[in-house]
Amino acid sequence: MKKSIEKIFVDIIKHELNLPDNYGKTSLGDVIPSVIIYSQNIKLFNTDKLQVTVKTVSQRVYSNRSQFKENPNATGQDDLFIEIQDLNESRIMQIDCFSRNNDARERFWEIEMALNSTYAQEQMDKYNFKIGTIASANNISGIDGDADINRFSITFNVISHQHKETFINYYDKFSAEYYNEAGKFAEVYNPENQ
């Protein structure tokens, strides 16, 4: 996967809900985001328009493999072999939508539909992941106290595959040493002496 899963979901939601990259800037010059990856450093609720955040809640790795193969295009000792690493994981993702008007309450279901859209399917095929078709949504509007913000939290499962290939060196000669019963050092083999 060449693009982070959070960025993929930001793209899917913007595309399916027809949201702009941002709503402009505040009087203080802060960008007013529409759909972003969750960060405590980004100010939200500075508009009455719909705002959406995406984050990974938890991750569980269920397969982590490494294998090696000869590099047919090797140019020297440093790239004789290729280490191939594959990681399969399951994530619980969370998408929160907020608004000071009724947009969050009236449109949160569009996010759930976006996760099962044709565009989302195209992204799954392109980036090699799978979105669970069953999502859970909770109205957590009261969490912000008297801020008068409509807020809905949607959680769902994602299964993804990560792949990495790295050129590695291969050592067929290793130096070794041991200590015998008398505590004396004995060098068994050192390739530098060959």
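This is a predicted model: local features need pLDDT of at least 70, side-chain atom pairs count only at pLDDT 80 or more; totals for chains, interfaces and linings use all residues.
Numbering runs from 1 along each chain as its sequence is written, and side-chain values use heavy atoms, with hydrogens and water left out.

Okay, rings. We count Phe, Tyr and Trp (its six-membered ring) as paired if the centres lie within 6.5 Å; planes under 30 degrees apart are stacked, over 60 edge-to-face, and the rest tilted. That gives 3 aromatic pairs. In one of them, F9 and F129 sit 5.9 Å apart by ring centres with planes at 70°, so that's edge-to-face. This pair links F9 in helix α1 to F129 in strand β6, 120 residues apart; helices (H or I, at least four residues) and strands (E, at least two) are DSSP runs, numbered from the N terminus.

F9 also pairs edge-to-face with F156, at 5.2 Å and 65°. F156 is in strand β8, 147 residues from F9. So which residues do ring pairs link into a cluster? F9, F129 and F156.

On burial, under 20% relative accessible area is buried, over 50% exposed, and in between partly exposed (1.4 Å probe, protein chains only). F9 comes in at 0%, and F129 at 6%, also buried.

Now N88, over in strand β5: it's buried at 16%.

Last, Q121 in helix α3 is partly exposed at 36%.
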